[in-house]
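Dear colleague,

I am handing over the structure that we discussed, with the sequence alongside. Please look through it first, and then read the notes below.

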Amino acid sequence: MKNDIPDDVATFPMSVVKELTNLTGRQIRYYEEQGLIHPARNDGNRRLFSMKDINRLKQIKQFIDKGINVAGIKAMLRD
């Protein structure tokens, strides 16, 4: 039996995601507002992120570091 968490199961709180991605909470919320990520919400309305969300945020950070703006990132991720 495998003990790995499936990539699409939302289990990570914002504090863990900030540490794993080196992004601030404000940046993560902004990318959510822009529709680049869609974290789940728990009963207390707190964001919960999956490994897919974390990997997507890392990808977004790489694009930002290369100077690509949010509109460009949206276009690239849509394709």
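In which loop is N45 found? N45 is found in the loop between β1 (40-41) and β2, where helices (H or I, at least four residues) and strands (E, at least two) are DSSP runs, numbered from the N terminus. The phi of N45 is near 65 degrees, which is a positive value in a residue other than glycine.

Before the rest, two remarks on how to read the values. This is a predicted model, in which local features need pLDDT of at least 70 and side-chain atom pairs count only at pLDDT 80 or more, while totals for chains, interfaces and linings use all residues. Residues are numbered from 1 along each chain as its sequence is written, and side-chain values use heavy atoms, with hydrogens and water left out.

The chain as a whole

The protein chain has four helices and two strands, and along the sequence these follow the pattern α-α-β-β-α-α. For its 79 residues a compact globule would have a radius of gyration near 12 Å, and the 13 Å of the protein chain agrees with this; the radius is taken over C-alpha atoms, and the globule rule is 2.2 Å times the number of residues to the power 0.38. Along its principal axes, the C-alpha trace spans about 40 × 30 × 20 Å. Of the 79 residues, 28% count as buried, where buried means under 20% relative accessible area, exposed over 50%, and partly exposed in between (1.4 Å probe, protein chains only). Among contacts (heavy atoms within 4.5 Å) between residues at least 6 apart in sequence, 53% join residues at least 24 apart.

Helix α3 and what follows

Helix α3 covers residues 51-65, and its 15 residues should span 21 Å at 1.5 Å a residue, which agrees with the 21 Å between its end C-alpha atoms; the expected span is 1.5 Å times one less than the number of residues. Buried in α3 are D53, I54, L57, I60 and F63. As background, an α-helix has 3.6 residues a turn, so residues three or four places apart point the same way. The buried residues of α3 pack against α1 (14-21), α2 (25-33), β2 (47-48) and α4 (70-78).

Just after α3, G67 takes a positive phi of about 90 degrees. I68 then lies in the loop between α3 and α4, and with a relative accessible area of 24% I68 is partly exposed. Leaving aside its neighbours within four places in sequence, I68 is in contact with F63, I73 and M76, and F63 is one of the buried residues of α3. A71, in helix α4, counts as exposed at 53% relative accessibility. The C-alpha atoms of A71 and Q34 are separated by 9.1 Å, although the two residues are 37 residues apart along the chain.

The loop between α1 and α2

Two residues of this loop, N22 and L23, deserve a look together. Is N22 buried or exposed? N22 counts as exposed because its relative accessibility is 62%, whereas L23 counts as buried at 6%. The phi of N22 is near 60 degrees, again a positive value in a residue other than glycine; most residues other than glycine have a negative phi.

L23, for its part, is in contact with K18, I28, Y31, L57 and K61, once its neighbours within four places in sequence are left aside. Of these, L57 is among the buried residues of α3, and the C-alpha atoms of L23 and K61, 38 residues apart along the chain, are separated by 7.8 Å.
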